[in-house]
Amino acid sequence: MVPYRQLLEVFFNEHDPTQENRQGNDVGTQYRSGIYWTTDAQEHEARMAVDAYAKALADAGKGPIMTELASAGAFYFAEEYHQQYLHKVPNGYCGLKGTGVTCSLPPTGYEAEVPAGSAAPGASEGDAAAADPKLKPLPSTDDEWRARLDPAQYEVLRRAGTERAFTGAYTDTEDPGLYRCMACGNPLYRSEAKFHSGSGWPSFTEAVSPDAVEVVEDRSHGMVRTEVRCGRCHSHLGHVFPDGPADRGGLRYCMNSLALDLDPEGADA
Ligand SMILES: [Zn+2]
């Protein structure tokens, strides 16, 4: 997992905390940067980091840190149009410049606080695999993918192919369970999110979480579509269209059955 201290270092190196309600061209209270904690140890680290970096900034002739410091409240996912933002807006800007003053923090000894096996936000592959034994190790070569997948699965998942309509195993399935990525075991969709679209491919209104899948603009075949990939192994799954059921969010995740693996034990997960 990424230690909290490392997050703090990256945070201070990548933006300008001396600006109160502004970053780059964006001005307003919603652009104030913030550090939030969920444990006393994190608060301790956050305050140590702020003190250390404030001194480095002062030594460089910069102003005081205006970043908000607070205990973490409820977490809300950002609006859909902000999810995977740079995929949707490839020319959008992020990568803000920091102050030019480097933030380097000493280890504090608090890094080993997370109990083994817990899947904390930002948990590493090792932690995630311990928490979910159905996650498969991620191959590092194309040969490994070919060994794991049969030719039809490989064509869809690794070459962005599309199975013929009405030929997939899950098109009309109503069995309860958790649909996982066939390539890596990553949980993707709950059966409750499945609906009959009539398209000939299994269709879902939403993924199990915003980071379960990633979306990428796809300009192949003379169309502009939004490709859906596995958020863990980045294999191709299908496309998402804005013609889903309006009362359930309006999206239609149009998946290839070959990219999915229904796990019946995930029904109540
Ligand atoms: Zn995957």
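Residues are numbered from 1 along each chain as its sequence is written. Because the model is predicted, local features need pLDDT of at least 70 and side-chain atom pairs count only at pLDDT 80 or more, while totals for chains, interfaces and linings use all residues.

Start with α2, residues 40-59. Helices here are DSSP runs of H or I with at least four residues, strands are E runs of at least two, and both are numbered from the N terminus. The 20 residues of α2 span 29 Å from first C-alpha to last, close to the expected 28 Å (1.5 Å times one less than the number of residues).

Now look at its two sides. Q42, E45, A46, A49, Y53 and L57 are buried (20 or more other C-beta atoms within 10 Å of the residue's own, placed from the backbone; exposed means 12 or fewer). These residues lie on the same side of α2 because they cover an arc of only 100° around the axis, taken from the directions from the axis to the C-beta atoms. An α-helix has 3.6 residues a turn, so residues three or four places apart point the same way. D40, D51, K55 and D59 are exposed on the other side of α2.

The buried residues of α2 pack against α1 (4-14), β3 (34-37) and β4 (68-71), with contact meaning C-beta atoms, placed from the backbone, within 7 Å. The axes of α1 and α2 come within 10 Å and cross at roughly 35° (lines fitted to C-alpha atoms over the stretch in contact, with angles from 0 to 180 degrees between N-to-C directions). From α1, Y4, R5, L8 and F12 make the contact; from α2, Q42, E45, A46, A49 and Y53 do.

Just after α2, G61 has a positive phi of about 80°.

Technical notes:
Two residues are in contact if their C-beta atoms, placed from the backbone, lie within 7 Å.
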